[in-house]
Amino acid sequence: MSLIETQGLTKTYGGRVTALHDLSVSVEPGIIGLVGANGAGKSTLIKILLGLIPPSGGQVRVFGIDPTVDPDRVRAKVGYMPEHDALPPDVSAAEFVTHLGRISGLPRTAARERASEALRHVGLYEERYRQIGGYSTGMKQRVKLAQALVHDPDLLLLDEPTNGLDPAGRDAMLALVHRIGTEFGISVVVCSHLLGEVERICDSLIAIEGGRLLRADRISAMTEVSDVLAVEVSEGTEELAAALTGLGLTPQVDGRLLLVPLDHDDTYDRILRAVADLDLPLHRLDQRRHRVAELFAPRETADV
Amino acid sequence: MSEASVIHDIGYQRYTGPRLGRGAVFGAIFVHGLRAAYGLGRSAKAKIFPWLVVGIVTLVAVILAAVRSQTGVVPLNYIQFADAMSWLIIFFVAIVAPELVSRDLRAGVLPLYFSRPLRAADYIGAKVAAMVAAVWGLLAVPQLIMFLGAAFTTKKGMSDVWHELGDLLPGWGYSLLWALLFTGIGLLIASLTGKRAFAAGGIVAVFLMTTPVVGVLSILPSTDAQEMAGLASPMTLVSGVGQWLVPSANTGLMIGNFGPVYAIEAATLIAACLLLLLARYRRVAAL
């Protein structure tokens, strides 16, 4: 069963502003990155998934349940971490997360236990009885994550979880999200406008722009075809290119580099042999894993 | 990091216990709201005002009960007592209503509520119920003290107690009317702003500004105008309904034959406030 499935999902506000346009995706469980610039429609999609706003057209299913018809059943299985500040300053984290656990339908003692657990998992166990107003931004983000975890959801929707964090805080938050997705057995949708950030931890990626689907696929599928070897020699680049073509490879000249698709195990050896035969000074030979960003780059520049 | 400070990670555990329905969630918000109204589970600062009001109101009730048991004179009956406490109730409402709703608006907590199995009607319904209970308790408990004072010092035994109970129950009903109307108005105003001071000021202003209107209307030469003057302010409106339903209450308000008008206005006002609140939170719930 798909985690999330949308079919021609469209949302327009007031008939004018189109937030989502004919979005059709099918997402398997795992860690899913939802990337797009600010205003691309990420938050709108999340609100529709939670059944908070109805779509203007199209179908949506979460765990096979239609959130427009049965939002309570969807929300019981989903934890949501909003992008903006959502914490009262004058209560302790333990108290607040417990209260929200009860709002999710947990009995009193279970809510208290799960709140402690959730706060421990996000690394706030020692500080949980302090008032939230005294917390740092990073700690507040962790409280928001803990409240999304307290009722043991099957899916977490995280809206910009690294917002406002310094680099170390970002890394810690991403590691935590990755751990939740891999060790806790909870699927996670991470919204971000920073592609480089989510590609590190995600299994699959949904890229949207202007409410339209740019691409949705597994990260491995996006990167596997694009592994190349970069060869750099101090001189005789053309000779080497010709020699490699003669060997049945398809080198591409990229400035001073030759990019050779890595499609066989012996590609390495053949390049090395060609370089040795021509007696060229080899500067470097390394494998390049295309970053996912490069897959989007042509499209992005074309649209700008 | 030393060995001893390493926390042993027992891993994530799934929750397999019961998940309660919307009724239990409503109950949780209700209890939370009722506690918050009296500053329970909050800082000492949050407790000062509600308990100051509780203290004054209770003290008045104890004095009334003592005077009655010693001298046999009834300085204020149950309904007059509620009227006499009106300004204290308004201040209580002005503090509690922002505590219940403005606080959530200001902190931006609502998306966390409405991403859970909960509807706008559940949230605001539980808040209204909590505040009605808080305001009603503020009046009903002192009224109970007055009743107990009277019941334990009665000279004629059970018949007097029954008679007294017959006075108390309408008094409680009257307090409920106060609680409903003032909760409706108070929460509606407070739900419009996240700033607590604005909300409190707005609530007091509504009651402050309508009182002089009643004063002006009540000195007009027309008796109809005088008898309908009470309709202009929530406080006199409640008194008018009390006077109509319990003519022996002697609220001091002349309502003539306009009793039903008072009742209809009160009912309409309460219903309108609650519907507006619901409409407001339906919109807020969509984030």
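Two residues are in contact if their C-beta atoms, placed from the backbone, lie within 7 Å. Helices (H or I, at least four residues) and strands (E, at least two) are DSSP runs, numbered from the N terminus. This is a predicted model: local features need pLDDT of at least 70, side-chain atom pairs count only at pLDDT 80 or more, and totals for chains, interfaces and linings use all residues. Residues are numbered from 1 along each chain as its sequence is written, while chains are lettered from A and ligands numbered from 1 in the order in which they are written.

**Stop 1: chain A**

Select chain A. It has 11 helices and 13 strands. Its C-alpha atoms fill a box of roughly 75 × 50 × 35 Å, taken along the principal axes. Of its 304 residues, 41% count as buried (20 or more other C-beta atoms within 10 Å of the residue's own; 12 or fewer is exposed, in between is partly exposed; C-beta atoms are placed from the backbone). Among contacts in chain A between residues at least 6 apart in sequence, 68% join residues at least 24 apart.

Colour residues 4-222 as domain 1 and 225-293 as domain 2. These bounds come from an automatic or database domain assignment. Taken over C-alpha atoms, the centres of the two domains of chain A are 43 Å apart.

**Stop 2: helix H3 of chain A**

Go to residues 93-103 of chain A, helix H3, where 10 of the 11 residues are buried. Among them are A:Phe96, A:Val97, A:His99 and A:Arg102. What do the buried residues of H3(A) pack against? In chain A, they meet helix H4 (108-121) and helix H5 (137-149); in chain B, H1 and H5. Step on to A:Gly105, which follows H3(A) and has a positive phi, near 100°.

**Stop 3**

Most residues other than glycine have a negative phi. Two loop residues of chain A are worth a look here.

Centre on A:Phe63, in the loop between strand S4 (57-62) and helix H2 (71-76) of chain A. A:Phe63 is not a glycine, yet its phi is positive, about 55°. It counts as partly exposed because 18 other C-beta atoms lie within 10 Å.

Now take A:Glu160, in the loop between strand S6 (155-159) and helix H6 (167-182) of chain A. Its phi is also positive, near 50°. Is A:Glu160 buried or exposed? It is buried, since 21 other C-beta atoms lie within 10 Å.

**Stop 4: helix H10 of chain A**

Select residues 267-278 of chain A, the 12 residues of H10. The expected span of a helix is 1.5 Å times one less than its number of residues. A:Asp279 comes after H10(A), with a positive phi near 55°.

**Stop 5: chain B**

Switch to chain B, which has 11 helices and zero strands. Its C-alpha atoms fill a box of roughly 80 × 45 × 35 Å along the principal axes. Of the 287 residues of chain B, 41% count as buried.

UniProt, in an unreviewed entry, places the feature "transmembrane region" at residues 20-41, 48-66, 78-97, 128-152, 172-190, 197-220 and 261-279 of chain B. Its positions are given in the numbering used here, feature names are shortened, and annotations may be inferred rather than shown by experiment. Highlight residues 197-220: the span is 88% helix and 0% strand, with end C-alpha atoms 36 Å apart. Residues 261-279 are 100% helix and 0% strand, and their end C-alpha atoms lie 26 Å apart.

Then pick B:Arg14, in the segment before helix H1 (22-37) of chain B. B:Arg14 counts as exposed because it has 9 C-beta neighbours inside 10 Å.

**Stop 6: where the chains meet**

Show both chains. Here 29 residues of chain B are in contact with 31 residues of chain A. On the chain B side, H1, helix H4 (86-107) and helix H5 (110-114) each give two or more residues. H1(B) provides the largest share, five residues.

**Stop 7: the cores**

Finish with the largest nonpolar core, of 152 residues (a set of buried Ala, Val, Leu, Ile, Met, Phe, Trp, Tyr and Cys residues joined through C-beta atoms within 7 Å). A:Val97, B:Ala97, B:Met131, B:Val135 and B:Trp178 have the most contacts inside it. Helix H6 (residues 120-152) of chain B gives the largest share of this core, 16 residues. Another core lies apart from it, with 12 residues, including A:Ala241, A:Leu244, A:Val260 and A:Ile271.
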